Each structure stands twice: as structure tokens, then as C-alpha cells.
Amino acid sequence: MSKIRLAACSKQGIQHRTGKQQKSPRKSEGSIMLYKGVFSQQCSFHTFSSAVEIELFRKRLLAWYNNCKRDLPWRKLAAVEADADRRAYAVWVSEIMLQQTQVASVISYYNRWMKKWPTLQDLGGASLEEVNELWSGLGYYSRGKRLQEGARKIVSEMAGHMPRTAEELQKLLPGVGKYTAGAIASIAFGQVTGVVDGNVIRVLCRVRAIGADPTNSAVTDRFWALSHMLVDPAHPGDFNQAMMELGATVCTPRAPLCMECPVRQHCRAYCKVEKELEDSAKRLIGRPASKCSWVLDVEECATPAGSCSLCLPPSEPWDPGLGVANFPRKAAKKQPRIESTATCVLQRKCHEDKPEYFIVQRPSTGLLAGLWEFPSIVLGPGQEKQQKATMASHLRAWVGSDVAVAHLQHIGEVLHIFSHIRQTYTIYYLNMDNYEENCKMEAAPCRWVTKEEFQNSAISTAMKKILKAYEKWSSTISVSKVAKRKRDSLCASKPVLEVESSSAKRQLSLDSFLAPRPKS
């Protein structure tokens, strides 16, 4: 770093420490507020200061995207749909489904959804039960509910027309946040606005060597500023999709494919890796290491007072073994809440001896709202030891009489991880053939279903796991019963064989006694 620049950075650091120039976080583009009332200066190293570089970045990224983008159904619809409202609806559905869900899992759900409800009006006329049934297995079920609520609002209050800007989309539609609004507005309506999701954050962190905590609100604001700065005004939708595509397929969390990256020339992290390799090679042949000539080194943005607030913190220094995967900095994960639930598979025999299962509907609010499940009860502190008795008491609401604890058969346990809950289900089984006469179908929304009806209902993945565990246990019990019958059959026939054997021995002894003895 030059002496002039070092002096300038030192001056900035002194001003920062003495409290000067801190009246407003907006006064300097090089300052952000990391914590309330605490500002930190950044060097231009973490942004794009050259219009030429920005133009090259856009050109290279879009050329790569046009040649290498994945063939996805929502992209096809957005490209060919002439009606702006239908185009925006198609993008909206895809963006909601893709939240916290992998592309491969979404494709089949998206195709079924658009086939069943191709327009906002079609979705607005659907019932929540239908929406939950189609969404079953995709997770985060409130997303489908909010999609339907939004469609009904657009049809009833907006004459069937989607809001046209990111600001209106975020303000007027339930479940539409800043990212989703930006994606819809740029892809469907061509609004020049950037987007920031997990993939974009990873790309930006590596390209500009941002090692600050990405969950910090001030750092997030920096990502949005960079995104708005980079977005191509001529092709905003394609550019935003290209940034996300790059993060999803090339600039991946682990083992990124840097040599396939179209913008590696602009990547600070990649430059540092290349410089380290070059220096290592020079040391091997006894030549002095030289600085990278085409981009500043990462260490040059540190101020004399300490590390820049956007660089990797001293507590988590650069790890040469990770390379570009040093960025983004891994945020501390919040530990999931631990919960235990007792659930019971109630079964009866119907026509042709096929089983039917008893399911009840969850409340319309809260976790897994409106979905169907086997009768279940969350166990409070201290109830784990009496969970069998607790389950028997809970079943009275539907069975209509006291359930003998001895009639509940323990099946096993199933673990299911929600986004914020680590849920352990303890599974019991009850044969309802002895209780069916007292069964109260009016106690709550409930019904008997066949296995096929169960699978087609709005059922959570956890309940499908429980049915699978029950079927495995049931088949094991059936095999055990068959083996026991065989043993009992063998035991029943064994005394007869012994009698016949004894009689034969006696006959042999008598024949031996009467047989003439040879003369000596």
C-alpha cells in the first residue's frame, strides 16, 4: 500500500475513533453502521468503483447464462407468456416454491400446480384443502396458503392485475418479501432492480472478498447496494437469474468450479488463491514472490486500527486450504428447539380385509396448519415417562371410552427435523375393531382413510414417515406370528412322534426276545 494511501486510511481511522463525521450513516458511501451508533470505514476494495469493470462483469455473466442456463419450466413460461399478469403469476409461484427448497424437488410440484391452476383466478377459486393436498411433501406449508391468499386478494381487490413494481408487490401481497418482489418485478415486468438471495450473497462475498457476517443487517444492505449497482438495465431479469444460476451451479458452497466461472477475472477471492499459488511456485524455484498486478491484494484494505469491518475477522483468518470457500463467512446457526410428541396409528379392517386409518385435522393456525395427521399430542416437561398413559387419555376424545393402556402397542420412534424444531415422534398402535362402536366422528375434523387416500391427503412428511414405520413394524409382527404358528404346529406333532417311536422300540424288544437263539 502506498504511503499516501496509508496516510489517508490512517486519517479515516483517526476520524472514526474520535467520533468525527458520524452524524448520519448516509454521509459517506464508504461507511456502514454495523451496530447501533457504531460506524466503520471501508475501502473501495469491497465495491465496484469502475464503470468499465461493471460493464465487463455484466457482459461476461450474461453471455455465460445464455449458453449454460438450466432448462426450467418457470423460465419457459416467463419467456413465452405474452400476458403480463400470467407471466408474473408463473414467476411468483416458482419463487415461493423455491424458498428453502431445491430446484430438483420443486419441478414436479410446479408443473402439477400450473396444470391445475394456470391463472390467478383458478388459484383464487381453489380451497385451502386442495392447496395443502398438492403442496403435501414440499414443506413450509404456510407458503401455499399465502399464495392462495394473495391470489384471492388480487382477484377481489385488484381486478385480477398483479402489482407492477417491487415496492408494490412487497407492500400488497402476503408472503412476498424484498427478494421475491425484486425477482417478480425484474423477470416479469423488466424493472431495473437487483435481488439478494443466498446464491447472490455467496457470489458477491467472493467477488468482493466480503468476510463480514452476512446475516448482519448493515452487511445485507451492502449486498443490496452492490446488487442494484451491478444489475443490467437492458436485461434485469436475465441478469438476476444469471447471478442466482452462477451461485447455484458454479460458485457453490463447497468445491466451487472456479475455472468454469465467467467472472473469475473480477473475483478478489480467486485472485488471492492465484497469487498464493504463484508465490508458492516462485518460492520453490528460489525467486521472490511478487504482488498480483491486475487487482489489489486482500490485505491492502485493512486499516492501521485493525481489520476492515467487511473483511474476514481476525478470529477467522484466511484458510489457504479453503481457497475461495473462505467466503462467505459462516454465520452461527441457531440450535433447533427439542420437542417430543406421542402419536397413535388407529387402524380398523374394512371391506376385503383392507386396513383403514384414522386421521384428524390440525388447527388452522400454527405449525402445519390445516394438515391431517394421526392423533398426536406434544409432550410437556415430565410427560415423557408417562407418555403411554398420556396418549391413552388423549385418545378418549375420538375413541369415546377409556383406552386400556395395555392395548396400546409401542412401535418405535421417528425423528423429523423442521426448520426450527427437532421433533421426535413416539409411535403407538391401537386396533380399533374393539372400540369402533364408541368412535366419535364429531369430536373434531376427522375421517377414516385407506392407504391410498392417506397418501393423497394433505399429509406432512413426518406423518408419511410414521406410516412407513408402522408398516415395517406390522410386517415384522406378521412374520413373527407365522413363525410362532409353525413352532406351535411342530410342538403339537412332537408327542405323537415320540409315542410312535416308543411303540416301535417295544415291538423291537419283543421280537428280539422271541427270536430263536443260535445253538452254541
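Q: Is Ala-159 buried or exposed?
A: Ala-159 is exposed, because its relative accessible area is 61% and the cut-off for exposed is over 50%. Keep in mind that this is a predicted model.

Q: Where does Ala-159 lie, and what is its phi?
A: Ala-159 sits in the loop between α8 (142-157) and α9 (166-172). Its phi is positive, about 55°, although Ala-159 is not a glycine.

Q: Which other alanine has a positive phi, and is it buried or exposed?
A: Take Ala-209. Its phi is about 50°, again positive in a residue that is not a glycine. Ala-209 is found in the loop between α11 and α12 (217-230). Ala-209 is buried, because its relative accessible area is 0% and buried means under 20%.

Q: How many helices and strands does the protein have?
A: There are 17 helices and nine strands. The protein has 520 residues, and 44% of them are buried.

Q: What share of the contacts links residues 24 or more positions apart?
A: The share is 66%, counted among contacts with a separation of 6 or more.

Q: How do I describe two packed helices?
A: Now the case here. Helix α4 (residues 84-97) and helix α5 (residues 103-116) have axes that come within 10 Å. Those axes cross at roughly 145°. The crossing is right-handed.

Q: Which residues make the contact between α4 and α5?
A: From α4 come Tyr-89, Ala-90, Val-93, Ser-94 and Met-97. From α5 come Val-106, Tyr-109, Tyr-110, Trp-113 and Met-114. By class, nine residues of this contact are nonpolar and one is polar, with no charged residues.

Q: What should I look at in helix α11?
A: Look at Asn-199, which lies in helix α11 (residues 198-207). Its side chain makes a polar contact of 2.6 Å with the side chain of Arg-202. Beyond four places away in sequence, Asn-199 touches Met-244, Gly-247 and Ala-248.

Q: How do side chains point in a strand?
A: In a regular strand they alternate between the two faces of the sheet. Next, check how covered a strand is. Strand β8 (residues 421-431) has eight of its eleven residues buried. Strand β4 (residues 355-361) is largely enclosed by the rest of the structure, because five of its seven residues are buried.

Q: In what sense, parallel or antiparallel, does β8 pair with β3 and with β7?
A: Take each partner in turn. With strand β3 (residues 337-349), β8 pairs in the parallel sense over eleven bridges. One of the bridge pairs is Leu-346 with Leu-430 of β8. With strand β7 (residues 409-417), β8 runs antiparallel, joined by eight bridges. Here Gln-409 stands opposite Tyr-429 in β8, and Glu-413 has Thr-426 as its bridge partner. A hairpin of three residues joins β7 to β8.

Q: How many bridges join β3 to β4?
A: Three, and the two strands run antiparallel. Lys-349 stands opposite Pro-355 in β4. The hairpin has five residues between the strands, and Glu-352 in it takes a positive phi near 60°.

Q: What pairing does β4 have with β9 and β5?
A: β4 and strand β9 (residues 446-449) are antiparallel, with four bridges. Ile-359 stands opposite Arg-447 in β9. β4 and strand β5 (residues 372-373) are also antiparallel, with two bridges. There, Gln-361 has Trp-372 in β5 as its bridge partner.

Q: Which residues does Phe-454 touch?
A: Not counting residues up to four places away, Phe-454 touches Ile-359, Phe-374, Val-449, Ile-459, Met-463, Lys-464 and Leu-467. Phe-454 lies in helix α16 (residues 451-456). Phe-454 counts as buried, because its relative accessibility is 0%.

Q: How many residues separate Phe-454 from Trp-372 in sequence, and what is their distance in space?
A: They are 82 residues apart in sequence. In space, the C-alpha to C-alpha distance is 8.9 Å.

Q: Where is there a cis peptide bond?
A: Look at the bond from Phe-327 to Pro-328, which is cis with omega near -5°. Pro-328 is found in the loop between α14 (268-284) and β3.

Key: Residues are numbered from 1 along each chain as its sequence is written. This is a predicted model: local features need pLDDT of at least 70, side-chain atom pairs count only at pLDDT 80 or more; totals for chains, interfaces and linings use all residues. Side-chain values use heavy atoms; hydrogens and water are left out. Buried means under 20% relative accessible area, exposed over 50%, partly exposed in between (1.4 Å probe, protein chains only). Two strands pair if DSSP finds at least two bridges between them. Axes are lines fitted to C-alpha atoms, for helices over the stretch in contact, and angles run from 0 to 180 degrees between N-to-C directions. A crossing is left-handed if the near helix is turned anticlockwise from the far one by less than a right angle, and right-handed if clockwise. Contact means heavy atoms within 4.5 Å. Ala, Val, Leu, Ile, Met, Phe, Trp, Tyr, Cys and Pro count as nonpolar, Asp, Glu, Lys and Arg as charged, and the others, Gly among them, as polar. A polar contact is a pair of N or O atoms within 3.5 Å; within protein, one must be able to donate a hydrogen and the other to accept it, and residues adjacent in sequence count only if both atoms are side-chain atoms.
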